[in-house]
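Here are my notes on this model. Please read them with the coordinates open.

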Amino acid sequence: MSNLAYHFGKGLYLNVTNRCTNACSFCIRNGHDTVGDSDVLWLTSEPTADELWNALLQELLPETEEIVFCGYGEPLMRYDVVLELCRRIRAHCTLPIRINTNGHGDLISGQSLAPQLRGLVDVVSISLNAPNAARYDEICAPVYSNAFDAVLAFAVSCKEFVPTVCFSVVDQPLTQDEIAACQEVSDRLGIPLRVRAFE
Ligand code: SF4
């Protein structure tokens with residue numbers, strides 16, 4: 001058990017940062033300190049790629065079915081570390097790699113990240129969170145003024161380079177009509193939507 005690598009379902013999750021460019025009203029971090037079998041996920045300092053790699057090797061189990069970059073924060077805040085670890089994982093095993101992200105990667109990095117994910121990442125799961133920019137700003141309080149449009153653009157760019165791209169929304173505080181509108185956005189972009197229950 002660790003606060004850098006922990007088990008949730010059949011996944012091995014890596015906690016690369018606590019920083020995030022959103023402050024979502026529904027964020028699990030508002031009410032919880034742990035996920036799965038993790039230690040408290042608040043970090044006293046950001047781990048190096050070597051520290052994360054060692055934690056991964058220590059926690060990798062025969063029954064692990066995927067490796068997930070998830071935070072307790074936005075993993076692409078440290079896109080360089082994530083990419084380095086993806087390269088090491090690819091050289092070490094054939095497990096699929098997923099990134100759970102708020103979709104701000106291009107804004108954070110100042111470049112198009114999707115081409116760099118080619119061959120390294122199998123699944124990008126992007127938090128859509130809202131059906132439009134105004135509602136996104138209310139729910140997620142992003143540090144960027146153009147975050148919602150950037151999330152959509154990031155998702156579309158990932159489709160070209162990553163085998164599976166999906167959106168997710170949490171069923172609170174959205175109304176049923178808003179969830180239906182999120183589905184319309186997803187359908188328009190040809191990206192599947194998963195509705196998650198608020199925890
Ligand atoms: S993007 Fe994720 S980690 Fe960041 S505030 Fe929202 S729910 Fe929390």
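Is M77 buried or exposed?

1. M77 is buried, with a relative accessible area of 18%. Buried means under 20% relative accessible area, exposed over 50%, and partly exposed in between, with a 1.4 Å probe and protein chains only. The model is predicted: local features need pLDDT of at least 70, side-chain atom pairs count only at pLDDT 80 or more, and totals for chains, interfaces and linings use all residues. Residues are numbered from 1 along each chain as its sequence is written, and side-chain values use heavy atoms, with hydrogens and water left out.

2. M77 lies in the loop between strand 3 and helix 2. Helices (H or I, at least four residues) and strands (E, at least two) are DSSP runs, numbered from the N terminus. Leaving aside neighbours within four places in sequence, M77 is in contact (heavy atoms within 4.5 Å) with T17, R19, C20, T21 and I108.

3. Helix 2 covers residues 79-92, 14 residues in total. From first C-alpha to last, helix 2 reaches 20 Å, close to the 20 Å expected at 1.5 Å a residue. That expected span is 1.5 Å times one less than the number of residues. V81, V82, L83, L85, C86 and I89 of helix 2 are buried. Their cover includes helix 1 (49-59), strand 3 (66-69), strand 4 (97-101) and helix 4 (114-117).

4. Check the ligand site. C20, N22, A23, C24, F26, C27, R29 and N102 surround the ligand, each with a heavy atom within 4 Å of it. By class, this shell has five nonpolar, two polar and one charged residues. Here Ala, Val, Leu, Ile, Met, Phe, Trp, Tyr, Cys and Pro count as nonpolar, Asp, Glu, Lys and Arg as charged, and the others, Gly among them, as polar.

5. N129 lies in the loop between strand 5 (123-127) and helix 5 (133-140), and counts as buried because its relative accessibility is 3%. A141 is in the loop between helix 5 and helix 6 (147-159), and counts as partly exposed, at 40% relative accessibility.

6. Look also at the peptide bond from Q172 to P173: it is cis, with omega near 5 degrees. P173 lies in the loop between strand 6 (164-170) and helix 7 (176-189).
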